[in-house]
Amino acid sequence: MSFTYDDVGATREQGHCPPGFRSMHVRTRLGEGEPVFRRAAEAVLTWEMHREMGVGIDASAERAAPGVDVTVTLAGMIKAPCRVVWTLEEHRRAGWAYGTLPGHPESGEEAFVVDRTGDGTVWLTVTAFSRPAKWYAKAGGPAARAFQHAYARRCGTVLRRLSGGDEED
């Protein structure tokens, strides 16, 4: 299956959004220190964060890697086929991005990156560019966009808990 958009891998470029797509950037503070970073990175790279959010994950590998196919199932009904387009595992950054395949309600790419800044603070950044692909995503209009932002914020909340980071405010 081919991707449903042309700029595959573009989420690597901070702030890049192809023409005709909507961008999203949600950053959540997880906590501080190397142990929080390591736990958060592992939870992102092994799909644990997504599974803990209550979405179905059917992946062709136990760990994110380029070329791994992933189908995310929402509410047991909406199936969203994707493929991992890039990963990174560095000393202070770890994460991956997937791009949409035919059958996904949206067209575009979404990235999940954990990073530890120079002062030791650990962050999750969810970035995406997308546009509706299915009739119900188009009909959802602003509500569909609000759902995407709420999903990204929930990723941060769940990952903060999984990584042993800060208590919620």
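**Exercise 1.** Is Tyr 151 buried or exposed, and what is its relative accessible area?

*Solution.* The model is predicted, and local features require pLDDT of at least 70, side-chain atom pairs pLDDT 80 or more, while totals for chains, interfaces and linings use all residues. Residues are numbered from 1 along each chain as its sequence is written, and side-chain values use heavy atoms, with hydrogens and water left out.

Step 1. Buried means under 20% relative accessible area, exposed over 50%, and partly exposed in between (1.4 Å probe, protein chains only).

Step 2. Tyr 151 has a relative accessible area of 11% and is therefore buried.

**Exercise 2.** Classify the ring pairs Phe 3 with Tyr 5 and Phe 147 with Tyr 151.

*Solution.* Step 1. Rings of Phe, Tyr and Trp (its six-membered ring) pair if their centres lie within 6.5 Å; planes under 30 degrees apart are stacked, over 60 edge-to-face, and the rest tilted. The structure holds 9 aromatic pairs.

Step 1. Between Phe 3 and Tyr 5 the ring centres are 5.8 Å apart and the planes stand at 65 degrees, so this pair is edge-to-face. Phe 3 is partly exposed at 25%, whereas Tyr 5 is buried at 6%.

Step 2. For Phe 147 and Tyr 151 the centres are 6.3 Å apart and the planes at 35 degrees, so the pair is tilted. Phe 147 is partly exposed, at 48%. Both residues belong to helix α3 (residues 135–163), where they are 4 residues apart, about one turn of the helix. Helices (H or I, at least four residues) and strands (E, at least two) are DSSP runs, numbered from the N terminus.

**Exercise 3.** Describe the surroundings of strand β7.

*Solution.* Step 1. β7 (residues 121–132) pairs with β6 (residues 106–116) in the antiparallel sense over 11 bridges. Within this pairing, Val 113 has Thr 125 as its bridge partner, and Glu 106 has Pro 132.

Step 1. The two strands form a hairpin with 4 residues between them, and Gly 120 in the turn has a positive phi of about 90 degrees.

Step 2. β7 is joined to β1 by 10 bridges, and these strands run antiparallel. Met 24 stands opposite Ala 128 in β7.

Step 3. Of the 12 residues of β7, 10 are buried.

**Exercise 4.** Which residues have the most contacts inside the largest nonpolar core?

*Solution.* Step 1. A nonpolar core is a set of buried Ala, Val, Leu, Ile, Met, Phe, Trp, Tyr and Cys residues joined through side-chain atoms within 4.5 Å.

Step 1. The largest has 36 residues, and those with the most contacts inside it are Met 49, Trp 96, Val 114, Leu 124 and Leu 159.

Step 2. The elements giving two or more residues to this core include α1 (34–45), β5 (93–100) and α3. α1 gives the most, with 7 residues.

Step 3. A second, separate core of 10 residues includes Val 85, Leu 88, Ala 111 and Phe 129.

Methods. Two strands pair if DSSP finds at least two bridges between them.
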